[in-house]
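Subject: Structure handover

Hello,

I am passing this structure on to you.

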Amino acid sequence: MTLFYAMQEGGILYLPSYSLTIVEDGQPSRVYVGELGPADEDPKGPEAFLKVLADYYGSNIFGVLMTTSWGAYEARDLDILDDLGLVYSSFRCDIDGDDRTFFRMRNGRWRSVDAIRPFAAFNEYFERNRRLFRLIEAKFAPRISRGIWEGTSAEVQLEPLLDEATISLGEYYDSPPAECDVCTIPLSDERYISDASLRGHGVWATMCGDCTVYHGAGIGWGTGQLYRKESDGRWLMVAGGGPQREEGVEQ
Ligand SMILES: [Zn+2]
């Protein structure tokens, strides 16, 4: 949730951190700061998000959202940080008049480093992993409304749309793209995907189940077609079929 909150206005202040100022003779002489930053330089993408969702929340996005009811703290936060390539670390700034000297704690020792700007480490992680942040924004932002989280799975929301007349057409989406056009997760793991108009844009996109619900203009002739993955791995059109063809289907 921290990664989501960090993208909201003023959200950088949601980043857990600490600072401790040592004052001697009424003057600050040293500041210690703890901050969140990258553990390594490996980029993290949608697969890292999906793995965290699967490993810690049974692939149920509601499990993540529910943590916000007790401040989004998790006993497993440190493990999740590891999996997302994040780490908390401390740096120190020694103050002598106008001089500032910086040190970072690495392997249990303070090591001299160049001047450190607050939040620069997190920004570095953000810049390297923009795709991951775009995914988190696409997944979480539409599920909050006036402080209430919507945790219903996309599948549950899409199932009532299934339409026998469309299913009986036996039409398939033969070669959809590998990834959702909106949030970029792999489509191969989805139960439902759509080829539909984007809400407020008019352009069409191939979307995962979540994005179909929260970013699509709806399923119907002229706005979008819904497809379900069948046991043979093919994508069968299950809603939004054309009206001309429906007329040809005998009841
Ligand atoms: Zn998506």
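Residues are numbered from 1 along each chain as its sequence is written. This is a predicted model, in which local features need pLDDT of at least 70 and side-chain atom pairs count only at pLDDT 80 or more, while totals for chains, interfaces and linings use all residues.

Domains

The chain is assigned domain 1 (2-145) and domain 2 (154-247), with bounds that come from an automatic or database domain assignment. Taken over C-alpha atoms, the centres of domain 1 and domain 2 are 36 Å apart. The contact between them takes 9 residues from domain 1 and 9 residues from domain 2; two residues are in contact if their C-beta atoms, placed from the backbone, lie within 7 Å. On the domain 1 side, helix H2 (46-57) and helix H6 (130-140) each supply at least two residues. H6 gives the most, with 5 residues. Helices (H or I, at least four residues) and strands (E, at least two) are DSSP runs, numbered from the N terminus.

Strands

Strand E2 (residues 27-38) pairs with strand E3 (residues 86-96) in the antiparallel sense over 9 bridges; two strands pair if DSSP finds at least two bridges between them. In this pairing, Pro38 stands opposite Leu86 of E3. E3 also runs antiparallel to strand E4 (residues 99-106), joined by 6 bridges, and Asp96 stands opposite Asp99 in E4. E3 and E4 form a hairpin with 2 residues between them. Gly97, in the turn, has a positive phi of about 65 degrees.

Regards
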